[in-house]
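Please examine the structure shown here together with its sequence.

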Amino acid sequence: MNAERRIATAFGVTTISAVALAAVYANGGQPQAEGALLATALGGLAYGFVTWANRLLPPGPVTQQREPVHTEQQAVKEDLDRAQLGRRKLLTRTLGLAAIALGAAAAFPIRSLGPSPGDSLKRTPWRRGTKAVGEDGAPVRADDIPVGGFLTVFPEGHVDSADGQAVLIRLDDGLVAYSKVCTHAGCPVGLYQAESHQLICPCHQSAFDVLDAARPVFGPATRRLPHLPIAISSDGAVFALGDFDEPIGPAYWNRR
Ligand code: FES
């Protein structure tokens, strides 16, 4: 097989492999098959380019003698030009096909990014009127928590909610609630020091001042804990007046 055919065949192999790769991916994917097809597609491309460079491009440097052009030489030259033109067409077409197929296959994994999260990362299950419940799902009453006491609460119906968990603290003058998700790296802020009124994250010892809107006063956290607005119903149950006042969790929200 001459060089042009081998190159065109290599680009054809790339095209077929890339189409097969896209088909495998679209049908649910299979890592081993996808890897083999991608390797074959890229291998075909590499073989085609290397052979093209080695066999069809003129080796350099070349010094060409200028000679008077005779009619016969002119005819030979024209034949050669025509052959080269045909060869170039075949190779550029097969290369174009291979590039399109490979590009399409490469675009498919964009689907793997999944649906856009929208603003779901900025919301939690807390809504106006949502009751605060304990780990057992039972509504929390304001007088369940003594002064200096601290309780983890969840939005009613979402006791497994990671982003909805909040800490309820009784201060001398009432109850306050903050997100339990540390704004440094997302650990649960699980300790409360009643004497200093500080919530402490055990992961890297960030401390948040409960009397100052849960502002970080120590450690790597740079953002305060989001505040959960709450109220107490006539029967003593604690309920939310809305969602947290800021997105919960690590502080990448602040970056612009
Ligand atoms: S996760 Fe809380 S201090 Fe690092």
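Ala-214 counts as buried because its relative accessibility is 0%; buried means under 20% relative accessible area, exposed means over 50%, and partly exposed lies in between, with a 1.4 Å probe and protein chains only. Ala-214 belongs to the loop between strand E7 (207–209) and strand E8 (215–218). Helices (H or I, at least four residues) and strands (E, at least two) are DSSP runs, numbered from the N terminus. The phi of Ala-214 is near 60°, a positive value in a residue other than glycine.

The model is predicted, with local features requiring pLDDT of at least 70 and side-chain atom pairs counting only at pLDDT 80 or more, while totals for chains, interfaces and linings use all residues. Residues are numbered from 1 along each chain as its sequence is written, and side-chain values use heavy atoms, with hydrogens and water left out.

A positive phi also occurs at His-197, about 55°, although this residue is not a glycine. His-197 is found in the loop between E5 and E6, and its relative accessibility of 22% makes it partly exposed. Ala-194 has its place in the loop between strand E5 (191–193) and strand E6 (198–200). With a relative accessibility of 28%, Ala-194 counts as partly exposed. Between Ala-194 and Gly-149 there are 45 residues of separation in sequence, and their C-alpha atoms are 7.5 Å apart in space.

Another loop, between strand E2 (150–155) and strand E3 (166–171), contains Asp-160. Is Asp-160 buried or exposed? Its relative accessibility is 70%, so Asp-160 counts as exposed. The C-alpha atoms of Asp-160 and Ile-145 are separated by 22 Å, and the two residues are 15 apart along the chain.

Helix H1 covers residues 3–26. Its 24 residues should span 34 Å at 1.5 Å a residue, and its end C-alpha atoms are 35 Å apart, which agrees; the expected span of a helix is 1.5 Å times one less than its number of residues. H1 is followed by Gly-28, which has a positive phi near 105°. Within helix H1 lies Ala-20, a partly exposed residue with a relative accessible area of 26%. Ala-20 and Glu-34 are 14 residues apart in sequence, with 8.7 Å between their C-alpha atoms.

Helix H2 has 26 residues and reaches 37 Å from its first C-alpha to its last, close to the 38 Å expected at 1.5 Å a residue. Which residues of H2 are buried? Among them are Glu-34, Leu-37, Ala-41, Gly-44, Trp-52 and Leu-56. Gln-32, also placed in helix H2, is exposed, with a relative accessible area of 57%. Its C-alpha atom is separated by 53 Å from that of Ala-213, which is 181 residues away along the chain.

How do these two helices meet? The axes of H1 and H2 come within 8 Å and cross at roughly 160°. Axes are lines fitted to C-alpha atoms, for helices over the stretch in contact, and angles run from 0 to 180 degrees between N-to-C directions. H1 and H2 are therefore roughly antiparallel to each other, since angles over 145 degrees count as roughly antiparallel, under 35 as roughly parallel, 65 to 115 as roughly perpendicular and the rest as oblique. The residues of the contact of H1 with H2 divide into 19 nonpolar, six polar and four charged; Ala, Val, Leu, Ile, Met, Phe, Trp, Tyr, Cys and Pro count as nonpolar, Asp, Glu, Lys and Arg as charged, and the others, Gly among them, as polar.

The largest nonpolar core has 17 residues, and those with the most contacts inside it are Ile-7, Phe-11, Trp-52, Leu-56 and Leu-91. Such a core is a set of buried Ala, Val, Leu, Ile, Met, Phe, Trp, Tyr and Cys residues joined through side-chain atoms within 4.5 Å. Two or more residues of this core come from each of H1, helix H2 (31–56) and helix H3 (71–107). H1 gives the largest share, seven residues. In soluble globular proteins, nonpolar side chains tend to be buried together.
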